[in-house]
Amino acid sequence: MKRSRFWQSFFIEMAMVVLFFSLAVAVIIRFFAQGALLSEKSKEVNGAILAAQTVAQTFEKTEVSQSYTLFFDQNWKQTDQPSSFEMRILLEPTESGNGILCDCDIDVYKSQTQDLLFQLSTNRYFAQEGAK
Amino acid sequence: MTFKKKNSSVQTFCMVAVFAVFAVLAVLLTLTGARVYRDIATSMRANNALRSSLSYVSNKLRSCNEKQTVLLLQQEDIPVLTIKEDVDGDTYLTRIFFDGEYLKEFASVGSEDAPFSIESGDKIAKLNDFTIKQDGNLLVLTATAEDMRTMSLTLNTDF
């Protein structure tokens, strides 16, 4: 009788321990998942920043307003077809002095979810041929 | 009597089973946690190294003024990005190079052709590879992190 009571209380205690453990596991796994997602997002934003900076440094002069989209794969290599990421670029030139001031708006999105990863606005002055 | 004995052994078995499940789950959680933490730490370290190395070099170049000259030289069999500035007759040089393990910066006074040791210099970031290529007035920086992830940044040196 005594032995049976001991097992009963031990069983109840173990059941409680397992229950609390399960709750703790649920919370901890959520933290792990969130950590992994944040790390992935940080990787994507980092890639988006570098890709946008590269375009901001290398865009060419345009005579009329232009908008185009560039596609990038998971490793931020440019592709011809829609892939993991897309970069929408809007170029708006305005006559200024002896040249053209070209405004450039760059938005980088994650293709699947259309989440905006990074936004960059810049401009560049292109002097006319022969002008100083 | 036999029934009681049987009942007791079932109870014991249940207890041991519950305890075993608990122990296995605890070990699994610890292992999963350790693996996720290691993956996140590796990824973040690689991300930081890529970002800091590329940002450091690009900011260094963007902060150059008209008195400074940017050169890409081949010294000690490695490409060395050299920022040269003449002040009161002295030539100040800032060399940025990859020694095979670290991206480094070395500041000195003297000629840009003067030999220097790749052992010298301050460490900027630990990387697997860092290349600098010149394409006209564009400078293409490519960094490869320890997890073999590669990122590139193109800079316009026409300033």
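Trainee: How many residues of E2(B) are buried?
Mentor: Seven of its ten, so E2(B) is mostly covered, taking buried as under 20% relative accessible area. Keep in mind that this is a predicted model.

Trainee: Okay, and which sheet is E2(B) part of?
Mentor: An open sheet of five strands in chain B, in the order E1-E2-E3-E4-E5 with antiparallel pairing.

Trainee: Which strands stand at the edges there, and why is one side of each left without a neighbour?
Mentor: Strand E1 (68-75) and strand E5 (122-126) of chain B are the edge strands. Each has a single partner strand, so one side has no neighbour in the sheet.

Trainee: How much are neighbouring strands turned against each other in that sheet?
Mentor: By 20° on average, with direction ignored.

Trainee: How many bridges join E1(B) to E2(B)?
Mentor: Eight, and the two strands run antiparallel. As one example, Val70(B) has Ile83(B) in E2(B) as its bridge partner.

Trainee: What about the turn in that hairpin, which residue takes a positive phi?
Mentor: Glu76(B), with phi near 55°. The hairpin of E1(B) and E2(B) has two residues between the strands.

Trainee: And on to E3(B): how many bridges join it to E2(B)?
Mentor: Seven bridges, again antiparallel, between E2 (residues 78-87) and E3 (residues 90-98) of chain B. Asp86(B) stands opposite Thr91(B) in E3(B), and Val87(B) has Asp90(B) as its bridge partner.

Trainee: Let's switch to chain A. What is the strand order in its open sheet?
Mentor: It goes E2-E1-E3-E4-E5 in chain A, five strands with antiparallel pairing. The edges are strand E2 (78-79) and strand E5 (115-127) of chain A; each has a single partner strand, so one side of each lacks a neighbour in the sheet.

Trainee: How many bridges do E1(A) and E3(A) pair over?
Mentor: Seven, in the antiparallel sense. Tyr68(A) has Ile89(A) in E3(A) as its bridge partner, and Phe71(A) stands opposite Glu86(A) in E3(A).

Trainee: Which side chain does Glu86(A) make a polar contact with?
Mentor: Arg88(A), and that polar contact between the two side chains is 2.8 Å.

Trainee: Good to know. How many bridges join E3(A) to E4(A)?
Mentor: Twelve, and those strands run antiparallel. Among the opposite pairs is Leu90(A) with Asp105(A) in E4(A). The hairpin of E3(A) and E4(A) has two residues between the strands, with Gly97(A) taking a positive phi near 60°.

Trainee: Where does Lys110(A) sit?
Mentor: In strand E4 (residues 99-110) of chain A. Lys110(A) counts as partly exposed, at 23% relative accessibility. The C-alpha atoms of Lys110(A) and Met87(A) are separated by 8.8 Å, and these residues are 23 apart along the chain.

Trainee: Last one: what is the lining of the largest pocket like by class?
Mentor: Ten nonpolar, eight polar and one charged.

Key: Residues are numbered from 1 along each chain as its sequence is written. Chains are lettered from A and ligands numbered from 1 in the order in which they are written. This is a predicted model: local features need pLDDT of at least 70, side-chain atom pairs count only at pLDDT 80 or more; totals for chains, interfaces and linings use all residues. Side-chain values use heavy atoms; hydrogens and water are left out. Two strands pair if DSSP finds at least two bridges between them. Helices (H or I, at least four residues) and strands (E, at least two) are DSSP runs, numbered from the N terminus. Axes are lines fitted to C-alpha atoms, for helices over the stretch in contact, and angles run from 0 to 180 degrees between N-to-C directions. Buried means under 20% relative accessible area, exposed over 50%, partly exposed in between (1.4 Å probe, protein chains only). Ala, Val, Leu, Ile, Met, Phe, Trp, Tyr, Cys and Pro count as nonpolar, Asp, Glu, Lys and Arg as charged, and the others, Gly among them, as polar. A polar contact is a pair of N or O atoms within 3.5 Å; within protein, one must be able to donate a hydrogen and the other to accept it, and residues adjacent in sequence count only if both atoms are side-chain atoms.
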